Number of protein chains: 2
Amino acid sequence: MDRAPEQSADVTHAVENIVADVRTRGDVALLELTNKFDRRNVASVAELEVSVEQRKAAWDAQPAALRAALEAAAQRIRAYAEHQTIAPFSFTDEHGNQLGQMVTPLDRAGLYVPGGKAAYPSSVLMNAIPAKVAGVREVIMVVPAPGGELNSVVLAAAHLAGVDRVFTVGGAQAVAALAYGTKTIPPVDKIVGPGNAYVAAAKRIVFGQVGIDSIAGPSEIVVICDGKTDPGWIAMDLFSQAEHGEDSQSILLSPDVEFLNRVADAMAKRMSELPREVTVRASLKNRGALIATRGLDEAIALSNQIAPEHLELSVDAPRDWLPKIRHAGAVFLGRHTPEALGDYCAGPNHVLPTSRAARFSNPLGVYEFQKRSSLIECSPKGASELAKIAGAIADAEGLQAHAASARDRL
Amino acid sequence: MDRAPEQSADVTHAVENIVADVRTRGDVALLELTNKFDRRNVASVAELEVSVEQRKAAWDAQPAALRAALEAAAQRIRAYAEHQTIAPFSFTDEHGNQLGQMVTPLDRAGLYVPGGKAAYPSSVLMNAIPAKVAGVREVIMVVPAPGGELNSVVLAAAHLAGVDRVFTVGGAQAVAALAYGTKTIPPVDKIVGPGNAYVAAAKRIVFGQVGIDSIAGPSEIVVICDGKTDPGWIAMDLFSQAEHGEDSQSILLSPDVEFLNRVADAMAKRMSELPREVTVRASLKNRGALIATRGLDEAIALSNQIAPEHLELSVDAPRDWLPKIRHAGAVFLGRHTPEALGDYCAGPNHVLPTSRAARFSNPLGVYEFQKRSSLIECSPKGASELAKIAGAIADAEGLQAHAASARDRL
């Protein structure tokens, strides 16, 4: 259960130096660090930008079936995001004062996309589309290209999602460049997207200078099953989480012990279907569990304790259980809703709180790319009424200029 | 303009040790650190709890006029907060899949209240009431009592706001106790409230283990005036910000140079009204400015660049200018709306983003004490349709268990 990402002091201090270096020396530092860490050999940061034409070419080069799948996923992610609105409001009190709230988009968002084996086009869609729906003026993506290699499907997804600019930089240096800006890379207002321990440490350091989404930990699933779902389906649902990495967590909770045994058998049998068998086995050994509970209520209580990123309710009448769920990033209801559909195309975001952060944090969404402003407009009479209240409390707090400023409007 | 709170490496490393100590040794460390830093001499953390009866007694001991003012403020803060709702939603796609969003409150919130000179009862109301409106089950307040001294109005406000438990601990050790829990202090899910550099550093470190609101910097105001407001009013509005501390920022923008001179005269004249004159003078010298702009449009552009915590639009027809405001924590519209009214009782929260964080961050509100869960429920036919899309993208990402889990439902 103790899954909060640990912060290594060594990593933190190394990243502090990188961030300070990019903040001070800008493009010069960014170029040096990128050439060094990503084994590049370029002469300017401008060379690290991927043009609109290159992204379009990457899109055109994909097989038609994949393009169609990405388009369908993007359309569904957009449709869901369009339901996410914070209502502006305005009301008038008994004294004629108008109180309200205004909602505006961020000017510029930075999207960190990991390179290498974890370069996922679906993440580009999930991060960029809500930003665009929110009305963000400019979305800037950074993705490292170790040794100059870049995943062409990631570029294709950037094209599809309407990302405005793309730079092949990564690591803490890319986060610092987005936070403070360099001559070539404009500063953003918020940085979203997953990354390794260096990226996470950099996000923690620049938090305050810019907004960040969250510190992503390993992926997790809890499956609650009443014992009536095909055991092979549940086995593969657990595998789909485990294949993310050796620290991923897959937990099945069921009151049906016999069913747990059948799932274990199915796991043994279907393991051979998996090219990532070694990763899956290690993940299940480290973090996997099939747990017999006294009933579904106890399973729900355990799940609330875990506050999982993903929760499958593979039970009859799943909606009946939903009011008991207190913490979960995303809930997958019913036997026909495997978590993998949510990863790609159901519509809701696949960027979700991990490591028990579902207790206090949110799926990435349109809200994360907007901000609210409070609005207050007092009538002369209303100001006079409020000045009496404010004056009395300001006096008690010893803030005489506050009291005088209020009472000027008496 | 460069106002982001600087992180001192010395403070960070000292706080890392404090946090680790409280995390490891719990109450024992918390007690030692509290006795040391707050010059206390108590034998257990339990002795540091302020009982319900003590809080009630503090409330009863306040003058009736102050109680009435606090009650009126609390009622207005609550009324505004009750307008803040994230709509849950649900819709069905063309294949019969149901997609939606559920909103639930945090279980437990921690409220940090500074001790000493900046112990403000209004902050207790502003932090606790939205948590209560959000449905948080338990609100735990911590407030240091240096030398055993505690502001009785702060306790009275805790009583009024319905804070559930109060502990007289502070500093990084209090933040660590709230984040990890000790035997006496239960762990919370999110920590809100302002504090000094040690508190800010501790919040940054525990972020991820718990949610935090933001890293608060010095308070700020931008006043935009068309030159037609009483110069004495504007002078006192600027003073009310400056009296917070020497690093507070007060800026007046006006296209009317003659008006700026009249405000400067009024400032010189009204300065003698202020018991905090030394602080106000230092703040204005360090961070104050009266700036002549080419017009109101340029004033708005400057304000958007500053992204102020507080913005007064002391102009004719202020609503006409509102659509041009891109970043501001709270906007005070019209000559009869001094910022001080918002600090206490207008209704909107006075906990607002500082140091340009209004570019990406929010006023504290009900939303900050709730979280969303995504909901996905596929029909058999709908799952089959989605499995085709998910399978194709999972293949491209090399995640075969994802593809198989999706295709099990084909």
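Let's start with A:Leu125, which touches A:Leu70, A:Ala73, A:Ala74, A:Ile77, A:Pro130, A:Ala157, A:Leu160 and A:Ala161, leaving out residues up to four places away in sequence. Touching, or contact, here means heavy atoms within 4.5 Å. Please keep in mind that this is a predicted model, where local features need pLDDT of at least 70, side-chain atom pairs count only at pLDDT 80 or more, and totals for chains, interfaces and linings use all residues. On bookkeeping, residues are numbered from 1 along each chain as its sequence is written, chains are lettered from A and ligands numbered from 1 in the order in which they are written, and side-chain values use heavy atoms, with hydrogens and water left out.

Back to A:Leu125. In the largest nonpolar core, which has 140 residues, A:Leu125, A:Met141, B:Leu125 and B:Met141 touch the most other members. Such a core is a set of buried Ala, Val, Leu, Ile, Met, Phe, Trp, Tyr and Cys residues joined through side-chain atoms within 4.5 Å. Buried means under 20% relative accessible area, exposed means over 50%, and partly exposed is in between (1.4 Å probe, protein chains only). Another core lies apart from that one, with 74 residues, among them A:Leu31, A:Ile205, B:Val15 and B:Ala179.

Zooming out, chain A has 16 helices and 14 strands, and 63% of its 410 residues count as buried. Its C-alpha atoms fill a box of roughly 80 × 60 × 45 Å along the principal axes.

How are the two chains related? A rotation of 180° with 0.0 Å of shift along its axis superposes chain A on chain B, with an RMSD of 0.0 Å. The two copies are thus related as by a two-fold rotation axis. The superposition is by least squares on C-alpha atoms of residues with pLDDT of at least 70 in both copies. In chain A, the C-alpha nearest the axis belongs to A:Ile86, 3.1 Å from it. The copies meet through the same surface, because 99% of the interface residues of chain A are also interface residues in chain B.

One residue that touches both chains is B:Asp237, with A:Ser405, A:Arg409, B:Ile221, B:Glu312 and B:Pro338 as its contacts, again leaving out residues up to four places away in sequence. B:Asp237 lies in helix H9 (residues 231–242) of chain B and counts as buried, at 1% relative accessibility.

Finally, the cysteines. How many disulfides does the structure hold? Zero, over all chains, taking a disulfide as a pair of cysteine sulfur atoms within 2.5 Å. For A:Cys345, the nearest cysteine sulfur is that of B:Cys378, 8.2 Å away. A:Cys345 counts as buried, at 0% relative accessibility.

Terms used. Helix = DSSP H or I, 4+ residues; strand = E, 2+ residues; numbered from the N terminus.
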